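Subject: Handing over the two-chain model

Dear colleague,

Please find the structure below, together with its sequence. My notes follow, with the cut-offs given where each term comes up.

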Amino acid sequence: MNIRALPLYATIAIFLLAYLVCYLQFPAMLSTRVIGNLLTDNAYLGIVAVGMTVVIISGGIDLSVGSVIAFSGVFIAVLLRETGLHPLAVFALLLAITTLFGAAMGGMIHLLAMPPFIVTLAGMFLARGAGYMLTIDSVPIDHAFYETMQRAYYLMPGKGRLTLLGGTMVASVILGMILLHRTKFGTNVYALGGGEATARLMGVAVGRTTVLIYAFSGLMAGLAGIVFSVYTSAGYPLATVGVELNAIAAVVIGGTLLTGGSGYMFGTLIGVLTMGLIQTYIVFDGTLSSWWTKIVIGALLLMFILLQKGLLRLRLSH
Amino acid sequence: MLLSTRDLTKSFPGTLALDRVSFDLKAGEVHALLGENGAGKSTLIKCLTGAYRRDSGDILFEGEPVFPQSTLEAQAIGIGTVYQEVNLLPNLTVAENLTLGHQPTRFGMIRPRATQALAQEMLAGYGLDIDVRRPLESYSVAVQQIVAIARAVHLSGRVLILDEPTASLDAREVQMLFDVVRDLRVRGLGIIFISHFLDQVFEISDSLTILRNGRHIATHPAADVDRMQLITLMLGRELAEETAVRHRPEVTGTSADAIRFTGVGRRGRIAPFDLTVRKGEVIGMAGLLGSGRTESAEVLFGAVASDSGTVEDASGPVDLRNPRSAIAAGFAFAPEDRKTDGIIAELSVRENIILALQARQGWARPIPQAEQQRMANDYIARLDIRTPDAEKPVGLLSGGNQQKVILARWLATNPRFLILDEPTRGIDVGAHAEILRLIEDVVAQGMSILVISSELEELVAVSHRVIVVRDRQHVSELTGDDVSPDTILRAIAAPHTTLEAAE
């Protein structure tokens with residue numbers, strides 16, 4: 001068996017086990033309605049985690065994404081309020097901006113040989129600040145097209161609704177899977193995570209790949225921002241503080257090695273759903289404080305870090 | 001000629017690493033490149049593969065001058081390299097490693113089956129039966145090494161440079177690798193082979209080129225040279241006409257108060273060996289680079305924990321699990337590469353000297369400033385360390401003085417057993433003599449010392465007995481009148497068969 005896939009199997013097993021526990025206690029949890037809501041409620045997190053997975057497998061980190069989501073919401077809301085642009089045009093403009101923003105961070109990481117942590121930390125402050133420059137208030141979005149998007153869904157068997165937002169997330173994950181596992185770019189991402197010096201010796205265009213990785217993360221953060229603005233019908237510069245950390249947690253729980261070089265896009269989807277499941281359980285229970293979500297996620301993270309360390313030992317002794 | 005260099009010269013600040021080296025590689029031959037540390041082997045390789053830019057001279061590929069600026073360009077010209085540390089990505093699959101950069105695609109998507117088929121095709125003829133879909137790390141270093149060769153041959157296809165490819169392989173894996181190399185030779189590749197293992201060099205090579213101090217010394221067909229001639233060429237000395245005069249004082253200690261190492265060793269690094277260290281004794285250790293000298297010292301000091309055997313002294317077992325317990329037991333070790341393992345360049349002479357003593361005492365009980373000052377000044381005077389004052393950063397001193405600071409550091413802990421790995425490398429003649437004199441002084445006070453050195457005269461001058469290490473084994477021990485450069489050289493060079501009889 002492929003030892004690198006073990007964390008993925010562990011993730012899937014834990015998710016199924018958790019779902020089983022939920023089902024035994026609340027049989028209603030096993031319905032497409034709950035699944036549909038799980039996808040919708042975690043759509044923006046799942047989308048941003050797709051970008052984060054690529055970044056982390058390459059051995060990097062992107063701390064800017066939470067701020068970029070908030071900036072996106074504000075940007076959309078303000079532009080729709082101030083101009084007569086159609087939302088789709090605003091979306092295109094926004095995605096171009098966030099993609100370029102990510103590409104610029106990737107370029108700095110490569111050209112200045114700076115740690116991604118510092119560069120994207122600067123990006124985090126910049127994006128948050130740019131959001132404040134546009135407005136300091138929560139700006140409601142009131143547009144007919146938004147209502148159409150919110151109402152759009154596909155009725156699954158069992159009356160569950162796969163909304164446009166949930167569908168966008170699933171599509172993003174599939175796109176991420178293709179990109180990571182079926183393109184030269186994806187192989188280069190793994191190569192960078194395995195060792196930058198060796199990757200360069202083997203002919204990987206390290207600079208171009210780094211720029212593309214962070215550009216992709218910026219694109220996904222912009223898309224997550226659009227989804228989040230549809231989900232909340234507003235733009236608020238103080239929104240989604242700390243979402244970058246949730247995304248990192250989802251990626252790690254999804255079985256991706258935080259040091260890079262190893263992981264699967266599908267695992268990230270399971271990681272996001274596991275985190276969502278915990279929240280859903282707490283809602284169903286009704287008596288538990290929502291802080292329990294954080295405690296369980298913390299425990300899960302710790303478990304996965306230990307699991308990865310154990311696997312590393314296993315590989316070394318091999 | 002497939003690949004030649006003409007008067008290749010490369011200098012670094014302070015040293016001439018390559019001095020007008022001319023070298024020829026024919027198609028269909030395995031050409032060994034030999035020399036001790038600093039001989040210029042790796043500089044030559046790096047010039048050939050584009051990692052370094054030469055100062056002057058020509059590199060000719062099939063008679064045409066070439067100017068590789070990077071490994072990739074060298075590869076495009078036809079020169080591929082496989083290093084000791086496998087230069088592939090352990091986290092990717094075998095197939096991905098082989099095909100990285102030229103995966104078969106359709107509409108921008110990698111075709112997994114075609115990739116695997118291509119990988120299998122690249123591996124055909126190497127005698128490997130492995131699943132190319134598994135991560136590279138799930139296979140042994142030998143297999144990884146062959147995969148690296150397969151990639152290099154596929155991408156460059158004319159010249160293959162093997163830089164210490166067998167360093168971490170066992171005997172069976174070496175044969176596996178050599179089978180591959182022989183096949184490639186038949187296919188007409190020119191192969192440059194670098195290894196410290198002379199048996200392997202003689203087994204696989206057609207020609208030998210010896211470098212020393214950046215100069216080309218000799219090139220011979222392998223069949224025309226024997227081990228003795230080869231080692232003489234590498235070390236750059238003729239057999240001594242007469243034995244150097246030795247008048248060593250008698251060892252004061254008895255075997256009763258000795259430190260006895262029985263069967264200590266470490267699998268893959270140094271075969272188990274016995275060693276009895278008496279008080280006031282200097283033991284020399286001789287052998288070629290990579291023969292297991294440093295590995296022995298690391299085991300003796302606990303830097304690499306022994307996986308067998310016992311260590312005892314007069315008062316019972318000695319704990320040598322790690323350097324910390326070794327220091328507590330009164331051991332000290334001045335390693336070979338003082339720049340990376342020894343001095344801390346930014347700290348002052350005083351701070352470097354008290355470092356080991358302070359570490360032994362524990363940081364909770366600092367040595368008083370005045371006491372530090374006194375000790376530093378004492379050692380600066382005793383060892384004649386040339387420094388304006390004790391507060392000068394050690395990095396600013398010359399090599400010989402840095403070496404003396406390290407000696408002072410360990411002497412300050414007043415050890416009973418001091419291990420010196422190449423104590424005189426890279427220092428001038430004056431400092432050299434002073435360090436040898438110092439060794440005699442401390443031994444007279446009852447300290448025991450193990451000296452590892454490539455300089456045979458030096459070993460003969462200071463040692464009571466000399467242990468010869470070869471191919472990761474202690475192969476012989478010379479005592480009394482047998483301790484001479486001549487006998488040491490013979491012991492280093494002795495072919496495998498006679499030595500096994502001697503054991």
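The contact between the chains takes 20 residues from chain B and 20 residues from chain A, where two residues are in contact if their C-beta atoms, placed from the backbone, lie within 7 Å. On the side of chain B that touches chain A, the elements giving two or more residues are helix H2 (71-77) and strand S8 (109-110) of chain B; helices (H or I, at least four residues) and strands (E, at least two) are DSSP runs, numbered from the N terminus. By class, this side of chain B has 9 nonpolar, 8 polar and 3 charged residues, with Ala, Val, Leu, Ile, Met, Phe, Trp, Tyr, Cys and Pro counted as nonpolar, Asp, Glu, Lys and Arg as charged, and the others, Gly among them, as polar.

Before going on, please note that this is a predicted model, in which local features need pLDDT of at least 70 and side-chain atom pairs count only at pLDDT 80 or more, while totals for chains, interfaces and linings use all residues. Residues are numbered from 1 along each chain as its sequence is written, and chains are lettered from A and ligands numbered from 1 in the order in which they are written.

In chain A, UniProt (unreviewed entry) places the feature "transmembrane region" at several spans, including residues 63-81 and 211-231; its positions are given in the numbering used here, feature names are shortened, and annotations may be inferred rather than shown by experiment. The end C-alpha atoms of residues 63-81 of chain A lie 29 Å apart, and that span is 89% helix and 0% strand, while for residues 211-231 of chain A the end C-alpha atoms lie 30 Å apart and the span is 100% helix and 0% strand.

Also in chain A, the axes of helix H12 (residues 243-253) and helix H13 (residues 265-285) come within 7 Å and cross at roughly 115°, axes being lines fitted to C-alpha atoms, for helices over the stretch in contact, and angles running from 0 to 180 degrees between N-to-C directions. Ala250(A), Val251(A) and Ile253(A) in H12(A) meet Thr268(A), Gly271(A), Val272(A), Thr274(A) and Met275(A) in H13(A), and by class this contact has 5 nonpolar, 3 polar and no charged residues.

Turning to the strands of chain B, S1 (residues 3-12) is joined to S2 (residues 15-25) by 7 bridges, running antiparallel, where two strands pair if DSSP finds at least two bridges between them. Lys10(B) of chain B stands opposite Leu18(B) in S2(B). S1(B) is also joined by 5 bridges to strand S4 (residues 56-61) of chain B, again antiparallel, and Thr9(B) stands opposite Ser56(B) in S4(B).

Further along chain B, 4 strands form an open sheet with antiparallel pairing, in the order S14-S13-S16-S17. Strand S14 (270-277) and strand S17 (316-317) of chain B stand at the edges, each with a single partner strand, so one side of each is left without a neighbour in the sheet. Strand S13 (residues 259-266) of chain B is joined to S14(B) by 5 bridges, and the bridge partner of Val264(B) in S14(B) is Phe273(B). Helix H9 (residues 293-301) of chain B lies across S13 and S14 of chain B, running at about 120° to S13(B).
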